[in-house]
Amino acid sequence: MAEPATATQAAAPAVPQLKDELDIVIPTIRNLDFLEMWRPFFEPYHLIIVQDGDPSKIIKVPDGFDYELYNRNDINRILGPKASCISFKDSACRCFGYMVSKKKYIYTIDDDCFVAKDPSGKAINALEQHIKNLLSPSTPFFFNTLYDPFREGADFVRGYPFSLREGVPTAVSHGLWLNIPDYDAPTQLVKPLERNTRYVDAVLTIPKGTLFPMCGMNLAFDRELIGPAMYFGLMGDGQPIGRYDDMWAGWCVKVICDHLGLGVKTGLPYIYHSKASNPFVNLRKEYKGIFWQEEIIPFFQQSVLPKDCTTVQKCYIELAKQVKEKLSKVDPYFDKLADAMVTWIEAWDELNPAGASLANGKAA
Amino acid sequence: MSLEIKDDEIDIVIGAVSSDMTSFLNEWRPIFSRFHLIIVKDPDLKEELKIPEGFNLDVYTKSDIDRVVGSSTSILFSGYSCRYFGYLVSLKKYIISVDNDCLPARDNKGFLVDAVAQHITNLTTPATPFFFNTLYDPFSEGADFVRGYPFSLRSGVKCALSCGLWLNLADHDAPTQALKTRQRNSRYVDAVITVPARALAPISGINIAFDREVVGPALVPALRLAGEGKFRWETMEDIWSGMCVKVVCDHLGLGVKSGLPYVWRTDRGDAISSLKKEWEGVKLMEEVVPFFQSVRLPRTATTAEDCVVEVAKAVKEQLGSTDPVFARAAGAMLDWVKLWKSVGSSSSPPGV
């Protein structure tokens, strides 16, 4: 039976890696009590809290954390009319945090995710593992049957061409979850008691040309390499769909990573996911997505980006064009989404002018 | 959700590249004794095979091979490739094959791994090559498809090949093992995954299982290195065969799984001596991989045999002039398909 680690068991590394180069983005609507448990691992890092829901509510951040907090009023103020691309009343609003960050790396985690334990009972420093994943190459062009060859105790197997052993830069590190698995509503309804207790001690690169469902609960990425593609779409209030924010970002990200020769890893680290959301609420949110994804997946699988798309932004604008052309007929929602994708890039470029590197922002 | 498999639908094929099979078979006895075994003796091996009592097995030696395929074609089956003869003459639907220097492994909890049972589970539950499931094999106990996995892809496809892994001496090439002489694989990764469509992988022959009826002809004893020897570091035949099978499976809409079960591979040989003697295989992979990544099979190829013939044609055209070893491989692939059609039979139903 999977259990979360207790705070006293957590042993922080002597030197927190990348502490001035990584921001932790957390969307929240309730409270941030969960941060107490993560304190030994998170305290050295700067936090960006994106408050969803009622902006008049005060979210208390535990003492000792260095953070900036944005609510809906801040988002509207900072982005003006472009704020329309940021979801309201959905954790998809977290991507605003990616946009305002000034760091190279982002780690995002949900507020119902606790520290997990590995099979030996030791608390897992998820952030440390994500950093290892991001700082070592990926191998998307040929599958290594012993998983990540750059991990301690592993290597490339016989037959792996030497010319492919340098790998490519890793853009995304996708972590997993013990306890409540990330199932869709129908599966949750059929298997309400299923818990993920299997600790799979592997990190692997998802091969080029293969899509996957990217979950935003425990996710890290190189913002400089792929940030602009991490738009979490239009979800929540006023939208016909929910719980497809991270999925949408993941499909866009993978197509672009494949095009630009960047890698996506999945596997370790695990966090302990404590809260199972209501499956009936989830079903209502996901319902359209379940049908739409049958069209969306072939769309992404067949998407080809032209050679002159050499930056993430160019790739993303091109994808938005293709979404408008090919998916609008599925539902007018995609027409709106395509427009929002363009707005997102415009907002990103405004807040992140090329060449500028600034200190952490402050939500005034 | 898995298919029902009876013990008598399975053959366990072991290539005897060394003569003393006693400790190997005795260690595997608790797992193997229920099944029919086919032991194929490497035709180059001079010593008599030592085989303990109590197994239901058939042993094939050089004279059997010569008799069945003719002495000119029997060259296909020397060294590690002797096992392919076993695949050819088997009458069963499923084959499981491990190198004879591999013993049963223990899992993370210390239990003996029933590699046969795991391979059978892999082959009888669907594979999911068209979309990656982040919780790995959705058909294993306690797992399922994750949110965002399209429902139309959840029934999966037939799994034709199951590739297991190795604890202790992992299947690294000679340069890697020579560099890390003391490195041993102690990481037991509790997962089975489907190798995605169009993704190629070096499919080691050390610990595999497959549906003989569906892909038997695609496991080809074709790529023989000039200096091929009696250690895995000195061979590439299985890697070539594995790429061929993956391309064929991708074309025919079949699945390939990798991961569990583990076997324990005993320390044998010296990577540095192998490296001094032979590293042609390492060089050849630089040609082999781009070739297989680009090969496209026509729609008219609807069986494994058809596919192998097409691949052989492509090998001859594109790689034949690069190195004589490829021209020979193309020829061997065609010989193999001919043999398969004349000698290989489909499995007979139980009791016949």
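## Two helices in chain B

In this predicted model, helix α7(B) meets helix α10(B) through Trp240(B), Cys244(B), Val248(B), His251(B) and Leu252(B) on the α7(B) side, and through Ala304(B), Cys307(B), Val311(B), Val315(B) and Leu319(B) on the α10(B) side. Sort the residues of that contact by type and you get nine nonpolar, one polar and no charged.

As for the geometry, α7 of chain B covers residues 237-252 and α10 of chain B covers residues 304-319; the two pack at an angle of about 120°, their axes 10 Å apart. That angle is why α7(B) counts as oblique to α10(B). The handedness of the α7(B) and α10(B) crossing is right-handed.

## Where chains A and B meet

Now for the interface. Chain B puts 59 residues into the contact, and chain A puts in 60. Between them, chain B and chain A bury about 5,000 Å², with 56% of that area coming from carbon and sulfur atoms.

There's charge pairing here too: 10 salt bridges turn up across the interface of chain B and chain A. As for a named pair, Asp201(A) and Arg187(B) join their side chains in a salt bridge, at 3.4 Å from N to O.

## Salt bridges overall

Search the whole structure, over all chains, and the salt bridge count comes to 44.

Inside chain A, Glu224(A) pairs up with Lys104(A) in a salt bridge whose closest N and O atoms are 3.5 Å apart. This pair ties together distant parts of the chain, 120 residues apart: Glu224(A) sits in helix α6 (residues 223-226) of chain A, while Lys104(A) lies in the loop between α3 (95-100) and β4 (105-109) of chain A.

Methods. Residues are numbered from 1 along each chain as its sequence is written. Chains are lettered from A and ligands numbered from 1 in the order in which they are written. This is a predicted model: local features need pLDDT of at least 70, side-chain atom pairs count only at pLDDT 80 or more; totals for chains, interfaces and linings use all residues. Side-chain values use heavy atoms; hydrogens and water are left out. Axes are lines fitted to C-alpha atoms, for helices over the stretch in contact, and angles run from 0 to 180 degrees between N-to-C directions. Helices (H or I, at least four residues) and strands (E, at least two) are DSSP runs, numbered from the N terminus. Angles under 35 degrees count as roughly parallel, over 145 as roughly antiparallel, 65 to 115 as roughly perpendicular and the rest as oblique. A crossing is left-handed if the near helix is turned anticlockwise from the far one by less than a right angle, and right-handed if clockwise. Contact means heavy atoms within 4.5 Å. Ala, Val, Leu, Ile, Met, Phe, Trp, Tyr, Cys and Pro count as nonpolar, Asp, Glu, Lys and Arg as charged, and the others, Gly among them, as polar. Buried area is the accessible area (1.4 Å probe) that two parts lose on being put together, summed over both. A salt bridge is a side-chain nitrogen of Lys or Arg within 4 Å of a carboxyl oxygen of Asp or Glu.
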